[in-house]
Each structure stands twice: as C-alpha cells, then as structure tokens.
Amino acid sequence: MDYKTAGVDIEAGYESVELMKKYVKETMRPEVLGGIGGFSGAFSLKNIKDMEDPVLLSGTDGCGTKVKLAFLMDKHDTIGIDAVAMCVNDVACAGGESLFFLDYIACGKNYPEKIATIVKGVAEGCKQAGAALVGGETAEHPGLMPEDEYDLAGFAVGVVDRKDLITGEHIKDGDMLVGIASSGVHSNGFSLVRKVFEMTKESLDTYYVELGTTLGEALIAPTKIYVKTLQAIKKAGVTVKGCSHITGGGFYENIPRMLPEGVRAVVEKDSYPVLPIFKLLQKTGNIAEKMMYNTFNMGLGMVLAIDPADKDKVLSAIEAAGEKGYVVGKVIAGEKGVDLC
C-alpha cells in the first residue's frame, strides 16, 4: 500500500506546480522575496514606510457554485479570475491596493493540466489587480470529492494609508450614487441560476439572440475586477465617500453596508441598463423583481457614494479605465437602508 493507491498522487502534485510556475511568475512584484515553491510567501513592506499610517486590509472568498458551471462546460481558464475578483474588489472597497494573493484548490483528483489552467486564471486575475500570486495550495481529497470536481477559494492582503480609508462615515444627505457596470452574473446567485436553467451541455450551448452568445458563455463570464478603475478615480483627485461591492445579497444587503446611521440610499432602477442575462433569468425562472435585486448585481458590480460636485471627474475616470459608469441614485436622510424606485 502507498499514498498513490490511497488516492493521492504526489507526482501529479509536483507536475501541477511545474506547469503553473510560468503563470505565477507573470504576477510578480518587486516586493516579492524568494522564489516559487517555498513554505510561505515573503513580501517586503519597505515601500509602505512612506505612508503616514499604513493599514493592512484583507479579503477572502471563493467562487461559490459557479464552479459547477466550469465542470459542465469543461472550461477552467477563467474561474480563477472570479476567485481573485471576489477578494481584491472587497479590498478596493476600503480604498486599498491589493499587494498579494494566495489560492486554495481542493480537488477529488489532481489532473495537472486542469489545475495549471485554473491557476492560469488566478494569475490573470492577479495581473488585472496588480497583486502578486505569492503562494497557494492544491489539496487532493479522494473519497471526499468526486474525481472530476474541485473547489476554489483564496485571500488577498492589501494596504491603505489610514487617511485614504473608505469608511462611509462621511456620507450625507444629498450625496450621489454612481454605479459601475458588471460583466454579468459574476460569482453570486448560481444556486438559483442552476435551478432556473437546465444545466446540460445542450442547454448551455444554446445561442440566445438577446444575449449575443450562448447561455453558458454568458453565465461563465468572469467577474470584473475594479481595482484599477477605483485607482483611476482616486488619481483624478476624488475622495470616494463610500463603496459597495454588489455580491451575494444584491442591492438590499450590500449597499447599506457602506452607509452610516441616519442616511438611506435611493437607487433608480431605470438609470442604467439591466443586462440581458438578468432579464432572461427573471423571465425564465418567474422570479419576483425584489428577489432579483436581493440576489444578483443586476448589471452593477460596484456602487459608489460621492459628492455631486465630483460627478464629471468620476464618470470620466471610469470611462478612461475602460468601464461604464452611471449616476444611479442619491443619498437621503432617513433610516439606514436602501430603496429601489
């Protein structure tokens, strides 16, 4: 009896590491110390010393049941972008820059090419965020997970000068809400998505005119990473008062998270285009409108609270970063929460 007979292939693990190294190298920053494959990732904090009061930020998340879609489509090169996005976007919401990222892949059986393809996506997400991929773990779980399945999660560590921390505490009556477009469903609500649509190859390969692509391609579109867009807004001289990453819980759960007591967000549903995938989801699943906004991002991946005087600067910075921004509402005095009208 040996470890391989028990279901864990150490040699496959070695091969996975070798295959993914070229992708990991592409994410390196000057602050990364040492090579790839050590027991821990080392990152110099030398550049942080110029900050008045550096604050470390962290975020951790996974891709949820969106990984099921990757299994069905046998498409594994973008799910890693989702894992990175869910973490670095949260760090960016606090005004921070993500410094480095680590991933964790649990699988039933280690197929080196598949694992390397997943990490390729993780590396791409890190490049989009400007974060170094300094380490990770691939754990083979025979008997616990089916051989052809995996789960993916990770965490990001970032930094911000305390004076630049976005806390929401200064949001007040009269402030403006600006939304930044999403790329689709992102990585939330897939348990509902999988109940609405038949998850078969035939169904996912079906082309929809209103989507301009197949159902599968529309659903698996990777989560947008907003790090550089928010950095562009900051470089434009704008102080973002509050920032909400629209993830699980949609508008109703996430927008209030950036608000202080005594103010309420009002979002105008017709102020921006709801993406076709959400219209198709709602129609096919006969889902109530409130449930849609309480589950999905509905076409907005980020919502910012700003001073109305900064509107033009913010919208111009968003456009210059290659994204689409919309004035979607306002802040009013009232009980903390959100109204959609």
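Which residues of α4 are buried? In this predicted model, they are Pro112, Lys114, Ile115, Ala116, Ile118, Val119, Gly121, Val122, Ala123, Gly125, Cys126 and Ala129. The views below begin with a neighbour of that helix, α3.

**View 1. Helix α3, from end to end.**
Helix α3 covers residues 79-93. It has 15 residues. From its first C-alpha to its last, α3 reaches 22 Å. That is close to the 21 Å expected at 1.5 Å a residue. The helix bends by about 25° at Ala85. α3 is mostly covered, with 14 of its 15 residues buried. Just after the helix comes Gly95, which takes a positive phi of about 90°.

Thr78 sits in the loop between α2 (66-73) and α3. Is Thr78 buried or exposed? Its relative accessibility is 11%, so Thr78 counts as buried. Setting aside residues up to four places away in sequence, Thr78 touches Ile220 and Pro222.

Helix α4 runs over residues 112-129. At 1.5 Å a residue, its 18 residues should span 26 Å. The end C-alpha atoms of α4 are 26 Å apart, which agrees. Buried residues of α4 include Pro112, Lys114 and Ile115. Gly130 follows the helix. The phi of Gly130 is positive, near 75°.

**View 2. Where α3 packs against α4.**
The two helices pack at an angle of about 40°. Their axes are 6 Å apart. α3 and α4 are therefore oblique to each other. Their crossing is right-handed. Which residues of α3 meet α4? From α3 come Ile79, Gly80, Ile81, Val84 and Val88. From α4 come Ile118, Gly121, Val122, Glu124, Gly125, Cys126, Gln128 and Ala129. Among these α4 residues, Ile118, Gly121, Val122, Gly125, Cys126 and Ala129 are buried.

**View 3. Where α8 crosses α12.**
Helix α8 holds residues 227-235, and helix α12 holds residues 311-320. Their axes come within 8 Å and cross at roughly 140°. That makes α8 oblique to α12. α8 passes α12 in a right-handed crossing. On the α8 side, the contact is made by Thr229, Ala232 and Ile233. On the α12 side, Val314, Ala317 and Ile318 take part.

**View 4. Ser203 in helix α6.**
Ser203 has its place in helix α6, residues 201-204. Its relative accessibility is 13%, so Ser203 counts as buried. Which residues does Ser203 touch, not counting those up to four places away in sequence? They are Glu198 and Leu215.

**View 5. Tyr293 and its contacts.**
Tyr293 lies in helix α11, residues 289-293. Tyr293 is buried, with a relative accessible area of 4%. Leave aside its neighbours within four places in sequence. Tyr293 is then in contact with Gly249, Gly250, Phe251, Tyr252, Lys269, Tyr272, Val274, Met298 and Leu340. Met28 is 265 residues from Tyr293 along the chain. The C-alpha atoms of Tyr293 and Met28 are separated by 38 Å.

**View 6. Gly37 in an exposed loop position.**
Gly37 lies in the loop between β1 (32-33) and β2 (42-43). The relative accessible area of Gly37 is 63%, so this glycine is exposed. Val17 and Gly37 are 20 residues apart along the chain. Their C-alpha atoms are separated by 7.9 Å.

Most residues other than glycine have a negative phi. His186 is not a glycine, yet its phi is positive, about 60°. His186 is found in the loop between β7 (176-181) and α5 (190-196). With a relative accessible area of 1%, His186 is buried. Asn286 is not a glycine either, and it has a positive phi of about 50°. Where is Asn286 found? It is in the loop between α10 (276-285) and α11. Asn286 is exposed, with a relative accessible area of 71%.

Terms used
Residues numbered from 1 in each chain as written. Predicted model: local features only at pLDDT ≥ 70, side-chain atom pairs only at ≥ 80, totals over all residues. Heavy atoms only, no water. Helix = DSSP H or I, 4+ residues; strand = E, 2+ residues; numbered from the N terminus. Expected span 1.5 Å × (residues − 1). Bend = angle between axes of the 7 residues up to and from the residue. Buried < 20%, exposed > 50% of the residue type's maximum accessible area, 1.4 Å probe, protein only. Axes fitted to C-alpha atoms, helices over the stretch in contact; angles between N-to-C directions. Parallel < 35°, antiparallel > 145°, perpendicular 65-115°, else oblique. Left-handed = near helix turned anticlockwise from the far one by under 90°. Contact = heavy atoms within 4.5 Å.
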